[in-house]
Amino acid sequence: MPWLGRWRNQYGSVLDITGEDGGRIEGTFRTALEDSSFYGQTVPISGIAHGDVIGVTAAGEGTAGPAAVSYTGILRDGKLETMWLTVAGSTITGKEGETASRKQVGTWRAFGTSLDTFIKEQPSQQAPRAFRL
């Protein structure tokens, strides 16, 4: 499967798959959503692909503490149709005029899920990559 490349979803978030070896996938993810825990970060992803299915995961320090996202998808008609699951065990709380604080949330509130569609960008659509010396 042609997994290598930059994939952009309907919100502008980017899954950049830079390595594919024996079914193992690696790369980065950068969300375009300002209310996302990983907003403003490029987080490493790793996963597995087989045939037309793929699963990738990222985890790191989010705005309110540790967070993770997993995408499970299938390639159909040139589109990567995915279901995602997020988990973050804390949130930022505070009333107007007060200092915000981190608060642990219950397990039922820690998870979120939804669907995204990623389309592979053509090389001419991608920003040039910086060279490393």
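**A chat about a barrel of strands**

User: Where in the structure is Phe-118?

Analyst: Phe-118 belongs to strand 10, which covers residues 111-120. Please keep in mind that this is a predicted model.

User: Is Phe-118 buried or exposed?

Analyst: Phe-118 counts as buried, because its relative accessibility is 0% and the cut-off for buried is under 20%.

User: Which residues is Phe-118 in contact with, leaving aside neighbours within four places in sequence?

Analyst: Among them are Trp-7, Arg-8, Asn-9, Ser-13, Leu-15 and Phe-29. Tyr-71, Lys-79, Leu-80 and Thr-82 are also in contact with Phe-118.

User: And what separates the C-alpha atoms of Phe-118 and Gly-23?

Analyst: The two C-alpha atoms are 19 Å apart, while the residues lie 95 residues apart along the chain.

User: You mentioned Thr-82. Where is that one?

Analyst: Thr-82 is part of strand 7. Thr-82 is classed as buried because its relative accessibility is 5%. Beyond four places in sequence, the contacts of Thr-82 include Tyr-71, Thr-72 and Gly-73. Ser-114, Leu-115, Asp-116 and Phe-118 are in contact with Thr-82 as well.

User: What do the strands build, and in which order?

Analyst: Eight strands close into a barrel, in the order 1-2-3-4-5-6-7-10, with antiparallel pairing. On average, neighbouring strands of this sheet are turned by 30 degrees against each other, direction ignored.

User: What holds paired strands together in general?

Analyst: The strands of a sheet pair through backbone hydrogen bonds, and the pairing may be parallel or antiparallel.

User: How many bridges join strand 4 to strand 5?

Analyst: Five bridges join these two antiparallel strands. One example is Ser-46, whose bridge partner in strand 5 is Thr-57.

User: How many join strand 5 to strand 6?

Analyst: That antiparallel pair is joined by 10 bridges. Within strand 6, Val-69 stands opposite Ala-58. Strands 5 and 6 form a hairpin, and two residues lie between them.

User: How many bridges join strand 6 to strand 7?

Analyst: Strand 6 and strand 7 run antiparallel and are joined by 10 bridges. Ala-68 has Val-87 of strand 7 opposite it. This pair forms a hairpin with two residues between the strands.

User: Is Asp-77 buried or exposed?

Analyst: Asp-77 is exposed, because its relative accessible area is 79% and exposed means over 50%.

User: New topic. How many residues are in the largest nonpolar core?

Analyst: The largest nonpolar core has 20 residues. The residues with the most contacts inside this core are Trp-3, Trp-7, Leu-15, Ile-25 and Ile-54. At least two residues of this core come from each of strand 2 (14-21), strand 3 (24-30), strand 4 (43-50), strand 5 (53-62), strand 6 (65-76) and strand 7 (79-88). Strand 6 provides the largest share, four residues.

User: Which residues does Ile-25 contact beyond four places in sequence?

Analyst: The contacts of Ile-25 include Trp-3, Ile-17, Ile-45, Ile-48, Ile-54 and Val-56.

User: What about Arg-6? Where is it?

Analyst: Arg-6 lies in strand 1, which spans residues 5-9. Arg-6 is buried, because its relative accessible area is 13% and the limit is under 20%. The side chain of Arg-6 makes a polar contact with the side chain of Asp-16, at 3.3 Å.

User: Finally, what share of the protein's residues is buried?

Analyst: Of the 133 residues, 32% count as buried. The protein exposes about 8800 Å², of which carbon and sulfur atoms supply 54%. The C-alpha trace spans about 50 × 35 × 25 Å along its principal axes.

Key: Residues are numbered from 1 along each chain as its sequence is written. This is a predicted model: local features need pLDDT of at least 70, side-chain atom pairs count only at pLDDT 80 or more; totals for chains, interfaces and linings use all residues. Side-chain values use heavy atoms; hydrogens and water are left out. Buried means under 20% relative accessible area, exposed over 50%, partly exposed in between (1.4 Å probe, protein chains only). A polar contact is a pair of N or O atoms within 3.5 Å; within protein, one must be able to donate a hydrogen and the other to accept it, and residues adjacent in sequence count only if both atoms are side-chain atoms. A nonpolar core is a set of buried Ala, Val, Leu, Ile, Met, Phe, Trp, Tyr and Cys residues joined through side-chain atoms within 4.5 Å. Contact means heavy atoms within 4.5 Å. Two strands pair if DSSP finds at least two bridges between them. Axes are lines fitted to C-alpha atoms, for helices over the stretch in contact, and angles run from 0 to 180 degrees between N-to-C directions. Accessible areas come from the Shrake-Rupley method with a 1.4 Å probe; for residues, only the protein chains shown count as cover.
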